[in-house]
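Here is a friendly walk through one model, with the structure close at hand. Please keep the viewer open as you read.

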Amino acid sequence: MLTIGNILFFASLFSVLGVMAALESMFPSLAAAALICLGLFLSKDTSNRSLLIFLSCFSGFYINGVITADSNSTSLTGQEKSFFVSLNNGVKVDGDSFSALGTIVGSQEKLAITYRIKTNEKKILLKEEITPGAVCKVNGRLTLPPAARNPNAFDYKNYLFTKGAFWIFESSSLECGPGNSNLINRIKKIRLKGISYLENHYPAEAAAISIALVFGDRSMIDPDTILSYQKAGVIHLLAISGLHVGLLSGMLYFFLLRIGLTRERTLELLLVLLPIYAVLTGLSPPVNRAASMIMIILAAKRFHLTLSPLSAISFSLLAYLLINPYIIYDVGFQLSFRVSFTLIISAKPVMRKQSYFIRMVLVSLLAQLASLPILMYHFYEISLISILANCIFVPLYSFIILPVCLLLFIVHLLLPMELVFFVEVFSLITQAANGLSVKLASLPGAAFITGRPSFQLLLFLVIVHPIMLMYFENPKIQTVNRTVIILAVFLFVLVVPATYSPYGKVVFIDVGQGDSILIKLPYNQGIFLIDTGGNMVFEQEAWKRKSDKFEVGKDILVPYLKSEGVRSIDKLILTHGDLDHIGGAQALFTEIKIKELILPASKSVSITEERLLKLAESYGVMTHRISEGPSWKAGKAKFKVLGPPGEKDLGGNNQSIILLADIGGLTWLFTGDAELEAESQLIKNFPEYNIDILKAGHHGSKTSTTEQLLDHFKPEGAILSAGQKNRYGHPHQEVLGRLERRGIKIFRTDKNGAITYSFRGEKGTFSKEIP
Amino acid sequence: MFSERCLYCHGKKEQAVSWTALFWKGESDLLCGACKAKLMVIHGDICSMCSRPLDELDSKFIEGDRCLDCVRWEKDSNWSGCLDKNIALYSYNDFLKELLSRYKFRGDYVLAKIFAVQLQTKIKRAAPDLIVPIPLSSERLYERGFNQSEALIIEVNHTPSHLLERIHTEKQSKKSRDERIHLQQVFKITDTDTIASKKILLIDDIYTTGSTLRHAGKILKQAGATQVQSLTIAR
């Protein structure tokens, strides 16, 4: 017979599957549930009553999910021009942009509200007006949220859907009043007061860390610091975690007992305080998980029952899923529950170890393994130094920074003047910690790019995880051997399938107005990138400046390449020096190893190009300038450089590198921004030749893709890489006409998002991100 | 069905949480953690003959991979080769002494379950043709109500072969080593025919001096058994 904890564990497992069957896809979830059921049925330990519980959990949560999904739809037509909305969460004022998720007054539906703040005075006013629960009048127009334009990219539309929002409301005015002030909003106000108190009394860096640790808001921390904590694998320390909640509740519990409260009153008081604390720290999934778990244990204790942690976390998961089935899409939720479940179930072999150090290493290792599939799926990389980093940062945070931070804050509220010295010391400690994280993150191989795992790999990881941990529990085998073998299996799984795939692809990435083409050959035979896209980043007044500006390289190109598991690029070919072709390269250098940089031979060098060359030099990247002539092979793929012409400098766009390639059974011509002159030169220099796919020059401007070129090379398909609604009017109607008249198939990134040709051997298919 | 409480001390068992318990086999521990910890599994360096742990033994009582007791048994031409090997599960410490006395003297029959899993694996490994419990005299059987060795065999779903019978009545535990060794034969065979060229596994609760088992082994070998091993709970 299963113990209560084990029954609850399976009950929550079946509930998750039930929710997935309702919201995600029916068949795999049902199949998984059926298989687990069969396994449980065959093992003699499971009573029929337990099986009944599991099946009712599956169907109960399935029905609940279906009902929630049915009611999650819009009641708006899209024509509405003004609303009253109450702002409850996601309020963000960054530079001159305001965004929030507001609930329409008198309805359940939410709107993603955006607003451009016109003056600094208005910005200051807004910050005062927008209190938790504030009601605002907005005027503007509804637009549909954009779907993802690149493979694996963040799907804003889907994200909003899971939050109960279906429209973006672009507001041209924003007038806010105090609105309703219920208990939760009142606590949220205290939270805001606390945050601004810290902002005003602490030095910036210490304030940012304290706000994260006391109030669970890390938006004040410098994005680069966040990134380095992420790469070092210690970002969990900047979030309010179970450790926090446990530490605080424990401290308070003993304090209350010490001052003479009875055990019963103490427990009751904690049961009241914990939800308040959860609201104070921003109601994030990890906090909710930890607080509800502790509340369940305390409540049981109050009634003189003992409840195992496994039962408590299972109850907490069940309650969470019941209230909000869509929470299964939340990364914080996934990480918090998966890691906590793993640590709770594996507690025994870890706690058997005498040394604190070994226990800590094992805990970091287990947490890392548990979070692996989630991190791979959402962030495409894992931190290889995380175990080392955790061995330094976990004690540093749990014994020094966190207790000091909490204590300092409480005492500071009472005696602000006397503590200046201590605040300075605390500030120095946080600076040292942040500095250390930057150092660790910059170690070679700190972040290991894994790519987004396929469904099969995810399934494999999820199944192999408990098997590995059963092996880990086996007392007959030495801990060291067990650990090494587990690590070896996981590394094998990470490296081999992603690297030695029989599939190759050519992807015209949607980088907005610009070009960027990834060529990824099968069996790791070569990765080439032609151009990187790039956008203009304007200088702005201080108050308008965003903390994290949008930049194509950092925000589109690098995440996409990571999601494809690209760790290094054999040749980065930049067809010419224009910003919309090389602007994104800068971000590449910091994240992905580039083995060779290729530029066209050219007399004139743009400022962006010059800056890039310096950067390449500092990374020790070989740089070659080429013109017509050279060719190379990689696996079965062949490449030949057809331009720019060697004898004369055509200058500007016409000096673009032109590349002919045989990839995946097709012949491709990549012409960069080549225009009329370069095209006629090409026709002159190169005999008539039948190609399959033409990357139309200069984003489809009318000065490129001439009739002569098309007749000379006779492509079957053409790809036009241009920005959605770009201001140049690319691709030009004339060019589209020339292509259509010849019956050439047209693929447009401005209409279809990224265009992908995936192939195996000599056969492949084209697909569009937005059909 | 497994109870929430320890079979021995009746204290609450802490819930066993592990991946193995979740996905492989439900934790079937009958004892609580504290009691289980007191049962010392025999492992490491043991006497190749009687399974006695050699680590805690003074080196002057060890000869090669055997304890001096076994060496003495084997030197005695009267007893040499009577028992091929004794397999034992746990060290005979105070806890086990208390547990076994509750089991056999005070009739707590259900305690046999504690050893079932271990016994089963050892029996499987020994792969005997016949499993023979050490018999009790009719007086003792009447006193206790059951044969503790037979109960162990039944608990692991094997069939006990009652090939032996007691001819001596006095309790072994009331005699000294010398008395036991120099005893006349204490068993007689009930069914001679089935023994010839068989591998026999004797089951008993404790191996103390080994004399009981050797007495049994001797007449079984005389009756034609090719191999006589014994399996005991305690050593």
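The report below covers the basis of the model, a helix pair, an interface and some backbone details.

## About the model

This is a predicted model, in which local features need pLDDT of at least 70, side-chain atom pairs count only at pLDDT 80 or more, and totals for chains, interfaces and linings use all residues. Residues are numbered from 1 along each chain as its sequence is written, chains are lettered from A and ligands numbered from 1 in the order in which they are written, and side-chain values use heavy atoms, leaving out hydrogens and water.

## A pair of helices

In chain A, look for helix H13 (residues 331-345) and helix H15 (residues 356-379), whose axes come within 9 Å and cross at roughly 155°. Because of that angle, H13(A) is roughly antiparallel to H15(A) (the term applies over 145 degrees, on a scale from 0 to 180 degrees between N-to-C directions of lines fitted to C-alpha atoms, for helices over the stretch in contact). Helices here are DSSP runs (H or I, at least four residues), and strands are runs of E, at least two.

## Where the chains meet

Contact means heavy atoms within 4.5 Å; by that rule, 15 residues of chain B touch 22 residues of chain A. The two chains bury about 1700 Å² between them, 65% of it on carbon and sulfur atoms (accessible area, 1.4 Å probe, lost on being put together and summed over both parts).

## Backbone details

Two peptide bonds in chain A are worth a look. The one from Gly643(A) to Pro644(A) is cis, with omega near 5°, and Pro644(A) sits in the loop between strands S17 (637-643) and S18 (658-663) of chain A. Another cis bond joins His730(A) and Pro731(A), with omega about -10°.

Definitions and conventions:
Angles under 35 degrees count as roughly parallel, over 145 as roughly antiparallel, 65 to 115 as roughly perpendicular and the rest as oblique.
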